[in-house]
Amino acid sequence: MIGFIGKKVGMTTIFGADGTAIPVTILLAGPCEVIQVKSPERDGYSAVQLGFEPTDKKISKPELGHFKKAGTKVYKTLREFRVEDPQNYSVGQIITVEHFKIGDKVDLSGISKGKGYQGARKRYHFSGGPKTHGQSNKWNSPGSLGQSSSPSRVFKGVRMGGRMGNDKVTIPGSKIVSIDPENNLILVRGAVVGPRGGYITIEKKG
Amino acid sequence: MTDAIIRNVEASHLKEIPVFGSGDTVKVHVRIKEGEKERIQVYQGVVISRKGGGTSESFTVRKISGGIGVERVFPLHSPNVAKIEIVKFGRVRRAKLYYLRKKIGKAARIRERRVIVKK
């Protein structure tokens with residue numbers, strides 16, 4: 001198994017064995033149930049679909065049918081993970097945090113917080129204009145957008161202001177600091193993308 | 001619910017701390033590693049602030065060392081802070097005693113608060 005679904009709980013500080021303070025993010029991860037196993041013969045590729053957080057809320061009929069077919073509980077969230085060995089998984093199998101070890105490097109993906117319409121300075125870390133030397137109103141301006149009469153247009157993809165955030169962001173190689181199988185918690189070093197309560201996929205490398 | 005989870009995670013990293021606050025004179029026993037060896041160094045001074053909460057709570061201790069003011073900030077729950085001993089309780093009227101930095105000599109004194117310690 002290479003992937004897993006979790007939820008961001010929040011951040012705190014814990015102390016390592018040598019007394020160093022480690023910034024950690026707490027993830028509530030799993031238990032996840034296998035809802036569907038995709039095979040190359042039937043689906044063209046091999047993957048495992050996992051469900052996270054059972055719910056009794058009303059969900060759409062097609063979704064309900066999907067869970068009914070699998071004969072599992074109804075889940076709030078579904079995510080699919082590519083696997084090399086689909087034959088090792090079966091529908092209804094429960095996967096827990098015990099799948100990971102302390103010290104594992106994992107890739108964490110989630111949806112970043114939406115920032116709304118932002119200027120080039122915040123969005124792309126432009127340095128802006130000078131504050132002094134007679135400068136009047138160009139502190140946050142992005143500067144030149146390109147050349148002059150040739151090409152006499154602005155190239156596509158030039159970085160400017162616009163909607164920022166609400167993107168899928170992956171943090172590669174996060175280290176697992178601690179695991180609590182009893183409460184389904186994983187503690188990873190450093191910050192994780194997204195708001196508290198946001199969904200995070202945890203994928204083991206290699 | 002999420003805050004409860006965070007508190008639970010932090011709980012195992014919290015130490016038992018004696019009651020002290022700003023104005024109190026304390027001896028902080030600090031673990032110092034020199035290569036392989038580990039020893040304890042005692043740092044004595046007046047607590048001028050306590051800030052933060054949970055595992056990240058810290059306190060600042062100020063002392064005058066050789067005529068020069070020295071301030072050290074300790075993470076309250078760090079394993080490197082082996083012990084906190086209270087020498088004297090001080091009577092102060094605010095939580096942060098940053099004004100002491102501008103006071104020299106007699107003006108930097110803090111009135112003592114008599115406390116009956118229950119055995």
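## Reading rings, cores and backbone angles

Guide: A:Ser152 counts as exposed, because its relative accessibility is 55% and the cut-off is over 50%. This is a predicted model.

Visitor: Where in chain A does A:Ser152 lie?
Guide: A:Ser152 lies in the loop between helix 3 and strand 9 of chain A.

Visitor: How should I read backbone angles in general?
Guide: Most residues other than glycine have a negative phi, and most peptide bonds are trans. Now the case here. A:Ser152 is not a glycine, but its phi is positive, about 50 degrees.

Visitor: What is phi of A:His133 near?
Guide: Phi of A:His133 is near 60 degrees, again positive in a residue other than glycine. A:His133 lies in the loop between helix 3 and strand 9 of chain A.

Visitor: Is A:His133 buried or exposed?
Guide: A:His133 is exposed, since its relative accessible area is 79%.

Visitor: Which peptide bond is cis?
Guide: The bond from A:Ser150 to A:Pro151 is cis, with omega near 15 degrees. A:Pro151 sits in the loop between helix 3 and strand 9 of chain A.

Visitor: Which residues make a nonpolar surface patch?
Guide: A:Leu145, A:Val154 and A:Met160 make one of about 220 Å². Take A:Met160. Its place is in the loop between helix 3 (120–124) and strand 9 (162–164) of chain A. A:Met160 counts as partly exposed, because its relative accessibility is 35%.

Visitor: And nonpolar side chains away from the surface?
Guide: In soluble globular proteins, nonpolar side chains tend to be buried together. Here, the largest nonpolar core has 25 residues. Among those with the most contacts inside this core are A:Phe4, A:Leu50, A:Phe100 and A:Ile202.

Visitor: Which elements give two or more residues to this core?
Guide: Strands of chain A do, including strand 1 (3–15), strand 4 (47–54), strand 7 (105–111) and strand 12 (199–204). Strand 4 of chain A gives the most, with three residues.

Visitor: Now the rings. How is an aromatic pair described?
Guide: By the distance of the centres and the angle of the planes. This structure holds seven aromatic pairs over all chains. In one of them, A:Phe67 and A:Tyr75, the centres are 6.3 Å apart and the planes are at 45 degrees, so the pair is tilted.

Visitor: Are A:Phe67 and A:Tyr75 buried or exposed?
Guide: A:Phe67 is buried, because its relative accessible area is 1%. A:Tyr75 is buried as well, with a relative accessible area of 4%.

Visitor: What kind of pair do B:Tyr43 and B:Phe74 make?
Guide: Their ring centres are 5.8 Å apart and their planes are at 65 degrees, so this pair is edge-to-face. The cut-off for that class is over 60 degrees.

Visitor: Why does this pair tie together parts that are apart in sequence?
Guide: Because B:Tyr43 lies in strand 2 (residues 37–51) of chain B and B:Phe74 in strand 4 (residues 68–75) of chain B, the pair ties together parts 31 residues apart in sequence. Both B:Tyr43 and B:Phe74 are buried.

Visitor: Which residues form one aromatic cluster with B:Tyr43 and B:Phe74?
Guide: B:Phe20 and B:Phe59 are in the cluster with them.

Visitor: Which residues lie over the faces of B:Phe20 and B:Tyr43?
Guide: B:Arg50 lies over the face of B:Phe20, at 4.7 Å from the ring centre. B:Arg72 lies over the face of B:Tyr43, at 5.5 Å from the ring centre.

Key:
Residues are numbered from 1 along each chain as its sequence is written. Chains are lettered from A and ligands numbered from 1 in the order in which they are written. This is a predicted model: local features need pLDDT of at least 70, side-chain atom pairs count only at pLDDT 80 or more; totals for chains, interfaces and linings use all residues. Side-chain values use heavy atoms; hydrogens and water are left out. Rings of Phe, Tyr and Trp (its six-membered ring) pair if their centres lie within 6.5 Å; planes under 30 degrees apart count as stacked, over 60 as edge-to-face and the rest as tilted. Buried means under 20% relative accessible area, exposed over 50%, partly exposed in between (1.4 Å probe, protein chains only). Helices (H or I, at least four residues) and strands (E, at least two) are DSSP runs, numbered from the N terminus. A charge sits over a ring if NZ of Lys or CZ of Arg is within 6 Å of the ring centre and within 35 degrees of the ring normal. Patches are made of residues with over 30% relative accessible area and no salt bridge: like charges are joined within 9 Å, nonpolar side chains (Val, Leu, Ile, Met, Phe, Trp, Tyr) within 5 Å. Accessible areas come from the Shrake-Rupley method with a 1.4 Å probe; for residues, only the protein chains shown count as cover. A salt bridge is a side-chain nitrogen of Lys or Arg within 4 Å of a carboxyl oxygen of Asp or Glu. A nonpolar core is a set of buried Ala, Val, Leu, Ile, Met, Phe, Trp, Tyr and Cys residues joined through side-chain atoms within 4.5 Å.
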